[in-house]
Structures are given as structure tokens and as C-alpha cells.
Amino acid sequence: MAKLKIEDLKKIKERVQSENALRDGDRRVRVTVHMGTCGIAAGAREVLSTLMKEIEESNASDVVVTTSGCMGLCSREPEITVEILGEEPIIYENVDPNKMRQIFRRHILQGEIQTPFVLARGKEQV
Amino acid sequence: MKVFRSHILVCGGTGCHATGSIEVKQALAVELAKHKLTDEIRVVETGCNGFCALGPIMVVYPEGIMYVEVKKDDIPELVEEHFLKGRPVERLFYREADTEKPIPAIKEIPFFSHQKLWVLRNKGLIDPEVIEEYIARDGYAGLAKALAEMTPEQIIQEMLDSGLRGRGGAGFPTGLKWKFASQSKSDVKYVLCNADEGDPGAFMDRSILEADPHAVLEGMTIAAKAIGSNKGYIYCRAEYPLALRRLDIAISQAKEYGLLGENILDTGFDFDIEIYQGAGAFVCGEETALMTSIEGKRGMPRPRPPFPAVAGLWKKPSILNNVETFANVGQVINKGSEWFSSVGTEKSKGTKVFALTGDVNNVGLVEVPMGTPLGTIVYDIGGGISGGKKFKAAQLGGPSGGMIPVQHLNAPVDFETVAQLGAIMGSGGMIVMNEDMCPVDMARFFMDFCQDESCGKCVPCREGTKRMLEILTDICEGRGREGDIELLEEMASIIKDSALCGLGQTAPNPVLSTIRYFRDEYEAHIKEKRCPAGVCSALFKSPCQNACPVGMDVPSYLALVKAGRLDDAYKILLRTNPFPGVCGRVCDHQCQSKCRRATSDEAIAIKFVKRFITDNGLKPAIQAVPVTRKEKIAVVGAGPAGLTAARDLAMRGYKVTVYEELPEPGGMMRYGIPPYRLPRNVLEGEINDIKALGVDIVCNTRVGRDISFGEINESYDYIYLAPGAHKSMPLGIEGESSKGVFGGVEFLRDFNLNEGDWIGGNKTLGSRVAVIGGGNSAIDAARVAVRLGAEVTILYRRAREDMPAAEEEIIAAEQEGVKIEYFVAPLSIGTEEGKVRAITCQRMKPGDFDSSGRRRPVPIEGSEFTLSVDSVISAIGQKPDVTFVPEETGISINRWACFDLAEGRKSETTNPKFYAGGDAVTGPWTVIGAIKAGHDAAGEIDDSIRAENGEPPWSPPEEEAIDIPFEIDEELEEQPQEKMPELDPAQRIVGFAEVELGYSIEQAIKEATRCLRCDAEI
Amino acid sequence: MKSNYDMLLEEFTEEQIRELDRIIQSCKGRPGALIPVLERAQELLGYIPAPVQRRIGEGLNIPLSQVYGVVTFYSLFTMKPRGRHTIRVCLGTACYVRGGKKINETVKHMFNIEEGETTEDRRFTYESVRCLGACGLGPVMVVDGNVHGRVKPDKLKSILDQYE
């Protein structure tokens, strides 16, 4: 590879830092994909892959994705929870890849809650 | 960019490799592929995470959950649960050593949360084999700044301003070292990195090299620019293959990226680094020896001057810094000297990395600000001493350093303080040692090391260390002589002054330091041929016997129980202990704390087996010993000390009379310990045997009241004073003299004197009782109060682990419904018409450390609260009542109201006619301690008499030969102690029946069979 | 009297000797070459007896006395053949206080050997070492590079049974 110049150091830093950002402290947005057996059966895996692809394409380094178990409301799976720092969590129901893309672009990046898909607001209200 | 939703950072340090992290990583790859998670979850192998004792370790981000001791078989479950279903696996969480509380988040684990990671900022966070991960965390930013924006003078000034001192041990200012080298004129100069980390117990440099090798390369390159060098060497020991490999990779990546080699970062600066593999010689850590070694010769030091800054490697100007020093440099330059010097103490700036090892719960790599108290490192980060043992000392600086003992736990760890305490900072090995450490053996160990590693060039080191080792070995093996300590001190000072290099000059440090703090243990080895810590095995048969104050022959009686020969076992017991039945019930069993079986599973229940023998064996018949000596001896106090002395003296043919104030003999065994722990008939039986020898016991007779001191003085030739410690210490608070406030021992005595009145209700504590204190008397008082029907709360001002009471007693009290409040101290006692109504208390919190290594309780302002109670029992300690001894006797009494002993004597007072022992000399202690005092007194009295008469010393009559069977099982099966059958708590509290029921024969034999026979000669 | 080459042949193959010569040649003339050459020679041959030292000395143009001096100075080098397996018990301070001393005694007693010796059947060479830097696992025993941590005396036999 070509030898680095001083400005190259900065570029490497920025690129790799965003890849490794999730090893640092709190992020702006946390998306939880509920991956119980029922969720997976209903297509949670595809939702998760879509989300990952969106993050990658948009270079959004402030979004972390976690998975969790079944929420107990199997008929509405796949479900995801979007928590934006300082706002109340929003739970979406019956998510599919298309809805996921919409939620990502509109809600996570631009802050508009996608009301038609919302199952509940707040963490424990299901 | 490639985004993963999760990163799994698997520790790939040497420690975790050894416990199987490579297999874990492979299993992870397989399992993630199986679930098609490879694109979502990235596995990264990092350098040493630092928490080596719990390896293999992995940390999962973004959650920051740490899993410990992960085995490859755990991986399928882990992937399925955590990565697929999002349910973290609790059984693999870190658990706090004492509470077993699981803590999932790495940030919250005390081991990590008290640290300040500067040098280790990347440990466990980056893949050390990927240069870009280092760059992403500001790596090489300092280098860029140094090369593009700074002159060599500015770099050196920044280093000087930062106050960074060499982390290799001596603490020489790094900037100054560089300045000297930069001022030397030469076309060739060298930058050398010392990675020959040879101190046993130190692995800081290894971890840094494994976790963050680029930090070292960056620091070296900055140094090169500062002094004008184009060539560097890293001298790394061959014992660190992984560090060598990671360095190798790092160097080639740095070259590839233009961060090493020619025209670095396009600034026109050239610098190259070569690794030089050490071949295993400790002395090569010394700077001139290291240079000689790189030159391909025997690594011997050379005299200075010339200093390396003038003529170092190949006679060219050179600087040598260690790994940790270089790892600091990049950040000092990048963030500035002010940032660096904001942390630390006046003369020691920044942080220090320690390899915390030895007897602490959390072994691993620790980085703290300079000046952090030793206690914080040992207790808050290290999690305290493992196995419930006591802290004895921390060893710093390895073979060149010394010990910091328990009384200095508050000492800030920085260069100056550590040196004042007789240790050195060293490169950062901190070995924590518990009560089982023998300082003489430790000094011998380090001297053996230095002697072995001495290069032989200069005489003081070559011959001096050898001679010192011989003396230390002699002391450890029982051949120590008077004057050895002084000889060691003299040799130490000569070697320090005259050896050529640091190895020799510092070699005597461990000896001097151990003599400074543990001189008494040296003396015990030399004068008594005894190793108090139970390490120097040439001095004893078995560690249990060595730990017993009276040296009971534990392995023999255990072997006899195993063979079913209880009667013989009983005879063995009585050879050293007149109260085996008592001790089988109430002894503090120091023997068990040294039992080697505990290293496999659990100590032998020696006390319980002893009790089994006395319950079931045939007690040998006692015959009166005829009086053959003309000297008459009086004993004051019929407790364990007095009765033991009386028995021993009677057996030697003396007429002994014991005076006792209370109606029955036994002292604290009768009036302190309640009958549910020690049934009266057991004690009575053993005292009757002493009477049967011909000892007269005169009860209800207080010397100074019922019989005058003068009369005793006139009627007897020698007098042994063993009145015990029967007076409670005052609380010193308001309301203490009101009705319903009892001293702990006074209450127990009253109860044991007037059991009928208390049980019948003529005397009462009322329904709610507060007991103050944490010793055995407090627990005894509380358990008696429960049996009298009261609701009992113990108030103790420190933490549970600080309670002096026996653990099994505390548990028993809790089972019986005693409530214990920790960190509470009484402030005042509220009264109504002169009678106790309430007690007002204050909550406490742990503060700094006292000289016993316990945390001092500090009041919490505004935390006062009041309990309504009917009685308060104050059991915060006892002292003797020695007012019966007239001043004109010349018997000296100290400020603790105890008898002083004559210089160098075990029981003779300052008046040679009077001897003293037991609690009245030591302050409140144990039954077995008092028995030991009684033996010592009888021996000294008899020796004095015979010496005065010009007779030869007493020789004990021939003992009946008892053949001790000897069978050892080759293979050891793990098997814990036999449980002692006990009364159910509900049955216990309705009366005073004995709680412990005793082993069955099967249990006793099984327990005795667990003995490892450490007494065996192999 | 036998030539040095004949003495070498008693212990090593011609192929090994050629390889040794290659190592020597590749470093010839470099300052400070002796120790790296010895390290590679020992890796190749397992040990460095006198004939090997002589050949290295001649090859690098260094007096035999200096080669011998260096070989005996550094603990990494050995002049004796070794066992099939090497047992190394760590006697660094951390291991020592955690029971390394007892492990050391037990191994010696089990095979009736002293430190630095090899059993008669050449199964084990026994060494004690100063701190392997794995103090978290003490007491540590390394057999052929496999680290066994928290070793207890009664577990020794079953560990060593794995190495025939």
C-alpha cells in the first residue's frame, strides 16, 4: 500500500472509528429487534438484515442494534423498539423489510415517528 | 464501511490463550457461521484484557457485557441465547468474590471501574494485529505532531514538563535522559526499548506489547526524533513468544504504512526498529548489560561513566527506556504535558501499571493514578484477600524491592512513599501476600533468585549474594544462630555500596525490608526454631501441629482415629493439652487455617475429630503424683492458664494451691462460655483430673479480699498470677451507668452463676436487647439473651468480615434469630427513671485502614436513629482486674492493665518471685493461648527453681510408646468436610442444651481419613 | 583424534550440519550475530554441544572461548540433549506463594530428577523457570508449551500422563 501522509492518518481514523464506534459508550439511537422463536419465524431476521444494510449505506455511526427475546405478543411479530436518546421508546409491530427501511429513514434519521406501524409508546406498555 | 451489529472481543493475551481462548474463538466462528451471523457479528482477538485470572474473557459490544471463564462448550448456548435471542447468559457473568453477585457490565465491575486507563487505554478494545484500529484511537497522532510540528528541543521540553519518570524501576525523568542523549554529538545514536521483563510476578510489559504494540513503536519513534537517532532495538525476552509475534506484525505493518522506515509520514525523517530476542538472563534488564548483550556478548554490566547517553550501544550515544515509558510518550505529545501532569502526586505524575498477583481475589493488570492508596489497589480493585485470609504485606519491585506491610495500607503508591517504606516502585509487580507468607522464606527466595542471576563480574554481588543466601537457608532450615540478623544487615549495606550494577545494589533490599517489618519472625526461626507462618517445613512435622500454640500432634491422633484406636488417640491429646474436651468444642482451631488439605477442597475438621475422641475414647485413669519438691507454689485464678500451670507443676512433683474467686474453677471456660457451647460436665471432668493429680483448688477466695496478698506472698515460694480479663471496657457514652446496661462478661458471669434465677425469671433482660460488639463475648451474650426469650440485635461498627468472633458462631447466632446490624455505633443510651429505654445509634461507613488492615468506621452525618430496648449489653472488649497486686511488689503493670513481663521471658514478671500468664498478660485471647501460657509458666518456674538449686533441668519421664499407623492414599478424591450434626435452631433457643451433637463414628473416621499426612517423611 | 566434523556426525545428520552452516553464513559479518545464531542453532538441533560451538566460532570468526562464555551465560542455551517433553514449573513469586514450591518438590520426587536434568528414559526434561508472566493462573506448569494453570500436587500425575 502507499505510504501514509499526515492527512491520511485522519482519514483512516474517521473510517475505522465509525466501524468500531459501538465499542464506546452510549449512542444516539438504539434499535432492538425482538428475536424470539416467533419473531424469527415471522421474519425478524430479514428485518435485522435490512436494518444493518441501511445503517451501512447511510454511514450512520450513532445507531446501535441489539436483539432481545420475545416480547410476549407473538401475533404482532416481528416487532422492533426504537429508542432515541431523550425520547420515549417506540415499539413498531408487524415490521417487514419495507417498513424497516421507512422507519429507519424517516424515524431514526429524521425523527418522524411512523405512526401507522406503532404498537405502543414507552417501554413497558405492551 | 462494513457495519456489524455486534463485536465480540475475545482476549488473546498469554493468560487467556493458556486457558483456551483460541479454541473459544474458533468455536465462535463455527457457531456464528452455523447461524449465518457472520455478516452481523464480528469476532476480534484483542491483547491482554488484564483480568487474567478469569480467562478466557470475552466482551460483547455494544452492550459492554463481559463473560468470564468461557469454555468452548459454552459457545453454542452463548450464540443461540445472546446473539440470536438477545438474552445474555447469566451463568458466565463475572461474580463478586464475597457476595456472588453477578455483574454483567464491564464498566461496573469494581476491578475495572477503579482504574484509570491511559497506558492500557486500548487493551481489550482493539485488535493489536490491525494497525488501523490503533490509528482510529488516535494512534500515531502524537508522532505526526512530533514530526511535523515540533523541533527536537520542543519534544524534550514537553517530556520534561510532563514529569514522566522511567517506569522500569528507578524513576529517572525521561525528558532528562533524552536531553543528555540529544546533546551528545554523534552521527549514529540508538533508541533502545527494554522489554526484558524479568522480575518474577511482573507482566505489565508483556500485556502492553500483546495488547498495544504500536504504542511502543510510536513512543520510540518520537524519542528517535528527539535525540536524533535513526535506529532502534527492542530487547524482548524469548519467554514471551506472543509479544514477540505481535511486535513483529506491528513493525511490518508500520513499515508498510510508512510509519517506520524511510521518510516517515512524508516528513523526511528516517527510523527503523529491530527486535532483539533476549536469551534468558535477568541481569540483561540492567541498561549496560542489555547493551553488551545486543553486541553479542555475555550480558555483563559495565561501570558508569561513561553513561549510555554518551557511549552506549557500540559506544554510541543511546537511550534505554522500558515498554511502559514508551507507551506513555505518544499521548504525552498528542495531548500535551499539562494533560499528563494533571494526574498523580507532586513528584510522580501520570499513572502506573501494576501486575497485581498473589493472594488477591482479582489477579490481573491494573492501572491507577500515581499516589493511589495501597489499600484501594488491594481491596477495591483486587477484591481483597482470597480464601478469607488476612493481608500480611504487598511485595513491590520483586528481587530488588521490598514489602509494604499491613500497617501501611493507606500509603499512597508513588516513587517517594514506596521508597520511604523500604520497597521500590520497580517495574510494577505487586504481589499480595496473606498470613501464610513467611518473610524469611520470601527473603531466601529472592536471594536465591539474585544469587542465581548474578552475572559474576563483581565480587560483592557474586560472593555476597551467595553468603547471604547460605545464612538465610540456614535460618529457614533451623540452623540459624544468634547474630545472623545483624550479619545479614551488615553484609546488605556493604553489597549495596559496592556492587557494580543495579542487580547487586538492590539484591539485599528484600532481606532488609523483611527484617525491618518482620524481625520477630526472623527471631522465632533463629531462637525457637519455629516458623510462625508454617512455611519453612524443615522446622516442623506438619503445618497444623506448627500452628497449634501447644503443638498438638494432629496427624498422629487423626491417624489413630482412622485406625479406630480412640484410647490411644486420647493419650496423644493429653500429652500436650489438659483440656482436649474443652478445646474440641471451643478452640479457635488455628491448626485448620494452615491445613494443606484446604488447597484441594476444605481443611480437615480437626476440632470436631478431637471432640469425637474425648466423647468416645476411654479417658486414661489419673493417679496422684507424689510431692517430691520442697518449694510451694500458689496460682491465682483457676482458668485455663492457671490450671494448666498447676497441672504441669504437680506432675513435676510440686505442691500447688490454686486460689479462685468464684464458686467453681474454670475461669472463662466456666463463667464466660455458655453451657450450650461447653457443657459443664465436660469441663468438670477435665478439672477433676487435675485435682486428682494432687492440686488443691480453693474456691470462693479472692486474693486481696478473702485472703491477703501478703499472706500468699509469705506462704509460697513462687506465685503464678493468672486472673484473666473479667472486666468489660466501658462504652464511654451517656446513660451507660443506668439500670439495664450490662457489660458482656459481667452478664455472662451473672448468668452462669445464677442460671436458675435467669431461667426462672427472677432476673430478666426484658423483651428487647441490644448487644454492642463483634467478638465472641458479644455473640455469646446475644445467644444467651435469645435463649432467655429476648429479641436481640447486635450492633457492630464495622463490616461482617472484620468481626473478631468465629464465623461459625456468627452463623449460629443468625440461625437462632439474632439480628446483626453492621456499620452501626452507639451514641447514647436513653433512660426513663434511671432504667434503659432506648439506644441512639449512628450509621458508619468504611474509611481508611487501621494498623490491623481493617477499615476504620467513619460516622455518616445525619444518620442517627433510635432503637427502643429494655437492656443494653456492652461487649466491646475486656481488660484484667489486677488491683489485688500491691504496688510495692514491684510487679509492673502496663496501660492496658496487663502484667508486664521481664525482658526475654515468657512468664516471669518484673519481680522474679512472681510469674504471670493468660489473658492478664495478653489481654483477651483464646483458651488454647492460655493453656500455652500455663505450660510456659510451669516450665520457667521449674527451670528457675532448679537453676537456683544447682540441679540439672527437668527431663520428662519416658512416654508410653504409641505406634502411629501410616497409610496414605495415593489418589486424592475431592470431598469436603463432614458436617457437624446440630440441634435444630427452634429446639436450641428453648434451652441451654449443647448445640453441636458430635460426629458419628463413621463421620469421624471419614474425616480423619481425609488427612494428607503432611508429617510424612518422603 | 577425531575431527570436529566426525564428532558432529555422532550426534547430528549431514543435513542438519548443512543447515547449521547456512545459518552461520547468513549472519556472518553482522555485528552482534552470535546470539541470534545460537538461538537458531538450538532451535534446529535442540542443544548446543561443544562441537557445534566450535563450528559456530570458526564460522563467525569468534574465539571458542567467547562462544562457550555466551552459551553458558544465558539460561536459554543448553549443552545437553533434552527429553521428549519439557516440564517447566514456574517459580516466579506469584506461583511460588501459591504453591509452586510444592509442585516443584513433587515433580522432582516423582521422577527422581533435579532441575535441569532429564529422566533416564529421556521422557522428560525438568526445569524450573522464573515467571512466565501468567501469574493469574498460578501455580503454573508448562509442558511442551502447553500451559497448565492452578496445578495442584495431586493433579500432577494425571496431567503428565498425557505426555508419553
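This briefing walks through some backbone details and helix contacts in the structure above. The model is predicted, so to speak of local features a pLDDT of at least 70 is needed, side-chain atom pairs count only at pLDDT 80 or more, and totals for chains, interfaces and linings use all residues. Residues are numbered from 1 along each chain as its sequence is written, while chains are lettered from A and ligands numbered from 1 in the order in which they are written.

**Cis peptide bonds in chain B**

- Most residues other than glycine have a negative phi, and most peptide bonds are trans.
- B:Gly55 and B:Pro56 are joined by a cis peptide bond, with omega about -10°.
- B:Pro56 sits in the loop between strands E2 (41-46) and E3 (58-61) of chain B; helices (H or I, at least four residues) and strands (E, at least two) are DSSP runs, numbered from the N terminus.
- Another cis peptide bond links B:Pro305 to B:Pro306, with omega about 5°.
- The loop that holds B:Pro306 runs between helix H12 (287-294) and strand E11 (318-322) of chain B.

**Positive phi in chain B**

- B:Lys36, a residue other than glycine, has a positive phi near 55°, and its place is the loop between helix H2 (21-34) and E2 of chain B.
- Is B:Lys36 buried or exposed? B:Lys36 counts as exposed because it has 10 C-beta neighbours inside 10 Å; the cut-offs are 20 or more other C-beta atoms within 10 Å for buried, 12 or fewer for exposed, and in between for partly exposed, with C-beta atoms placed from the backbone.
- B:Asp266 also has a positive phi, near 60°, and lies in the loop between strands E9 (261-264) and E10 (269-278) of chain B.
- With 15 C-beta neighbours inside 10 Å, B:Asp266 counts as partly exposed.

**Helix H4 of chain C**

- The buried residues of H4 (residues 50-60) of chain C are C:Pro51, C:Val52, C:Gln53, C:Arg55 and C:Ile56.
- Just after H4(C), C:Asn61 takes a positive phi of about 65°.

**Two helices crossing in chain B**

- Helices H23 (residues 554-562) and H27 (residues 606-616) of chain B have axes that come within 11 Å and cross at roughly 60°; axes are lines fitted to C-alpha atoms, for helices over the stretch in contact, and angles run from 0 to 180 degrees between N-to-C directions.
- That angle makes H23(B) oblique to H27(B); under 35 degrees counts as roughly parallel, over 145 as roughly antiparallel, 65 to 115 as roughly perpendicular and the rest as oblique.
- B:Val554, B:Tyr557, B:Leu558 and B:Val561 of H23(B) make the contact with B:Ile606, B:Val609 and B:Ile613 of H27(B) (C-beta atoms, placed from the backbone, within 7 Å).

Terms used: Two residues are in contact if their C-beta atoms, placed from the backbone, lie within 7 Å.
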